[in-house]
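User: Hi! I am new to this structure and would like to learn how to read its features. Could you walk me through them?

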Amino acid sequence: NVIKLGDGDFSLFAPEDSEYLYIFYNIIEIDINKWEWVACNTYVARTRKRKDGIMGDFVKFYNGSFSEAGNFGKETPIVINSWHPRVAFFEELNCYVLSSSPVNFGSTTQIISDYMEIRTSNDLINWSEPITLEKNGKKFGNHYQAICSYHGKNNAYYVDGNKFTILNCHNGTDVKAFDVSIERK
């Protein structure tokens, strides 16, 4: 028997040049007979930006379009095996980058891998295969992580040069900042 734990662990993406706000979120599925995670996928919903101080209704991405109600609507995963997604736009690469951690299905000791994977997209829906980040020959990252603009300058969701900052932490630990630069070969 598999149960879904509901929508959660969401992050906001607020592009300045879009009429929408996006939330990326997870749904965890657990086999209650084995008490093991069997899925942890990423989904997206959006709402129109408003200027009257009232929050609009979110619409979930389902079956190729944003078409389902935010409450009780159906949804289609946009990324499989992706824990705690966070999105930023990279001007230098002219694409969106999603950071997350993969899940160790079948593990009862370390369910979430403590390293970062990134994916790229041109439309916030179709994402590349994951690339694992490394530092000094070892997998880099933590339980939670986020890519943001260099030192959080200007719009934190927009990386406007070849430098950016990665924030990461684990449950109940301090957030650490790592400065990164993109170098083309």
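User: How much space lies in the largest pocket?

Analyst: Happy to start there. Please keep in mind that this is a predicted model. The largest pocket holds about 320 Å³ of space. Its lining is made up of 13 residues, and those nearest the centre are Ile118, Phe164, Val180, Ser181 and Ile182. Two elements, β8 (117-121) and β15 (176-181), each give two or more residues to that lining.

User: Which classes of residue make up the lining of the largest pocket?

Analyst: Ten of the lining residues are nonpolar, two are polar and one is charged.

User: And which residues line the second largest pocket?

Analyst: That pocket has about 160 Å³ of space. Its lining consists of Phe13, Ala14, Pro15, Glu16, Asp17, Phe89, Tyr96, Asn155, Tyr157 and Tyr158. Sorted by class, that makes seven nonpolar, one polar and two charged residues. Keep Phe13 and Tyr157 in mind, as both belong to this lining and will come back when we reach the rings.

User: Let's turn to charges. What is the idea behind a salt bridge, and how many are there in the whole structure?

Analyst: The general idea is simple: side chains of opposite charge can pair when their charged atoms come close. In this structure, a search of the whole model finds five salt bridges. One of them joins lysine 60 to aspartate 7, with 3.1 Å from N to O. Lysine 60 sits in strand β4 (residues 59-62) and aspartate 7 in strand β1 (residues 2-13), so this pair ties together parts that are 53 residues apart in sequence.

User: Is lysine 60 buried or exposed?

Analyst: Lysine 60 counts as buried because its relative accessibility is 5%, and the cut-off for buried is under 20%.

User: What does arginine 119 pair with?

Analyst: Arginine 119 forms a salt bridge with glutamate 117, and their closest N and O atoms are 3.8 Å apart. Arginine 119 has a relative accessible area of 5%, so it is buried. Glutamate 117 is at 9%, so it counts as buried too.

User: Now the rings. How do I read an aromatic pair, and how many are there?

Analyst: A pair of aromatic rings is described by the distance of the centres and the angle of the planes. Searching the whole structure gives 13 aromatic pairs. Take phenylalanine 13 and tyrosine 157: they are edge-to-face, with 5.8 Å centre to centre and 85° between the planes. Phenylalanine 13 belongs to strand β1 and tyrosine 157 to the loop between β12 (144-149) and β13 (158-159), so to speak of them as a pair is to link distant parts of the chain, 144 residues apart. Phenylalanine 13 counts as buried because its relative accessibility is 1%.

User: Are tyrosine 25 and tyrosine 43 stacked or edge-to-face?

Analyst: They are stacked: the centres are 5.6 Å apart and the planes make an angle of 20°. Tyrosine 25 lies in strand β2 (residues 20-31) and tyrosine 43 in strand β3 (residues 36-48), so the pair ties together parts that are 18 residues apart in sequence. Tyrosine 25 is buried because its relative accessibility is 3%, and tyrosine 43 is buried with a relative accessible area of 3%.

User: Which residues do ring pairs link into a cluster?

Analyst: The cluster contains Phe13, Tyr20, Tyr22, Phe61, Phe66, Phe89, Tyr96, Tyr157 and Tyr158.

User: Last topic: how many disulfides are there?

Analyst: The count comes to zero. Cysteine 95 is in no disulfide, and the nearest cysteine sulfur, that of cysteine 148, is 17 Å away. For cysteine 148, the nearest cysteine sulfur is that of cysteine 169, 13 Å away. Cysteine 95 counts as buried at 9% relative accessibility, and cysteine 148 is buried with a relative accessible area of 7%.

Key
Residues are numbered from 1 along each chain as its sequence is written. This is a predicted model: local features need pLDDT of at least 70, side-chain atom pairs count only at pLDDT 80 or more; totals for chains, interfaces and linings use all residues. Side-chain values use heavy atoms; hydrogens and water are left out. On a 1 Å grid over the protein atoms alone, a cavity is a set of points where a 1.4 Å probe fits but cannot get out, and a pocket is an open set with protein on both sides within 12 Å along at least five of seven lines; lining residues have an atom within 4 Å of a point. Grid points are joined across faces, edges and corners, and a volume is the space filled by probe spheres set on the points. Helices (H or I, at least four residues) and strands (E, at least two) are DSSP runs, numbered from the N terminus. Ala, Val, Leu, Ile, Met, Phe, Trp, Tyr, Cys and Pro count as nonpolar, Asp, Glu, Lys and Arg as charged, and the others, Gly among them, as polar. A disulfide is a pair of cysteine sulfur atoms within 2.5 Å. Buried means under 20% relative accessible area, exposed over 50%, partly exposed in between (1.4 Å probe, protein chains only). A salt bridge is a side-chain nitrogen of Lys or Arg within 4 Å of a carboxyl oxygen of Asp or Glu. Rings of Phe, Tyr and Trp (its six-membered ring) pair if their centres lie within 6.5 Å; planes under 30 degrees apart count as stacked, over 60 as edge-to-face and the rest as tilted.
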